[in-house]
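Please read them with the structure open beside you.

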Amino acid sequence: MGLSELLSTYGDKYLQGLLATWSMTAVSFVFVMALAVLVTVARVSPYRPLRLVGDLYVQVFRNIPGVALLIIVAYALPELRIVLDWRTCVIVTTVLLGSAFGSENFMSGINTIGVGQIEAARSLGLSFTQIVRKIVIPQALRTTVLPMTNLLIAVMLTTALGSQVPLNPQELTGVVSYVNTRATGGVLAFLVSALGYVLTALVISFVGNRLDRRVRILR
């Protein structure tokens, strides 16, 4: 099957797959950022139990294979009477994995903040919550634009786990399986799908670099 025949026959499927990938990526990344901030705040908290919980969260979800986690979410949670639809299972898996790495990115950003700023804030009587909200998080966000850009690309690629469950519409990797079970798409079917990932990643990188130049903290 040639490229023109492949696109004329399954072009609509690829478009639906690309839109589904974008949709899951956007939803997942919003929750990844929110959860990563919460986990990071717990890891720098003055309360030891919170620090232990935050560190444990990162160590567990940073080191578990994505497919294994998806199996747990999709097939083990129903045993606990927690039943999620397939798309939600993929998003939950992506968020758990991505937020662990996102927390590490935030920790790197926090480490760039001068100790003097924290001491000055304490001398002014600011509480831990105020210091985190007004000083730590804003600076950490500005210094981790590029790492978070890479994380966004990783989140997009992680949504390919959706090919392991019956999604409708299917994401890009799932479209390849759909094509190859109905025709001889071969490597070309993979190349078209890969092109969708590559072009999206290039756009994300371009926007991330532009944003980094605008908000970067010069030291």
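**Helix packing and pockets**

1. Helix 4 and helix 6 are roughly perpendicular to each other, because their packing angle of about 105 degrees falls within the range of 65 to 115 that counts as such. Please keep in mind that this is a predicted model.

2. On the side of helix 4, the contact is made by Phe106, Gly109 and Ile110, while helix 6 brings Val136, Ala140, Leu141 and Thr143 to it. Sorted by class, this contact between the two helices has five nonpolar and two polar residues, with no charged residues.

3. The largest pocket has a volume of about 270 Å³, and among the 13 residues that line it, Ile110, Ile118, Arg122, Ile131 and Val136 are the closest to its centre.

4. As for where the lining of the largest pocket comes from, helix 5 (115–123) and helix 6 each supply at least two residues, and helix 6 gives the most, with four. The lining divides into 10 nonpolar residues, two polar and one charged.

5. The second largest pocket, with a volume of about 210 Å³, is lined by 13 residues, and those nearest its centre are Phe29, Val145, Met148, Thr149 and Leu211. Helix 1 (3–43), helix 7 (145–158) and helix 9 (186–215) each supply at least two residues of this lining, which has 10 nonpolar, three polar and no charged residues.

Key:
Residues are numbered from 1 along each chain as its sequence is written. This is a predicted model: local features need pLDDT of at least 70, side-chain atom pairs count only at pLDDT 80 or more; totals for chains, interfaces and linings use all residues. Side-chain values use heavy atoms; hydrogens and water are left out. Axes are lines fitted to C-alpha atoms, for helices over the stretch in contact, and angles run from 0 to 180 degrees between N-to-C directions. Angles under 35 degrees count as roughly parallel, over 145 as roughly antiparallel, 65 to 115 as roughly perpendicular and the rest as oblique. Contact means heavy atoms within 4.5 Å. Ala, Val, Leu, Ile, Met, Phe, Trp, Tyr, Cys and Pro count as nonpolar, Asp, Glu, Lys and Arg as charged, and the others, Gly among them, as polar. On a 1 Å grid over the protein atoms alone, a cavity is a set of points where a 1.4 Å probe fits but cannot get out, and a pocket is an open set with protein on both sides within 12 Å along at least five of seven lines; lining residues have an atom within 4 Å of a point. Grid points are joined across faces, edges and corners, and a volume is the space filled by probe spheres set on the points.
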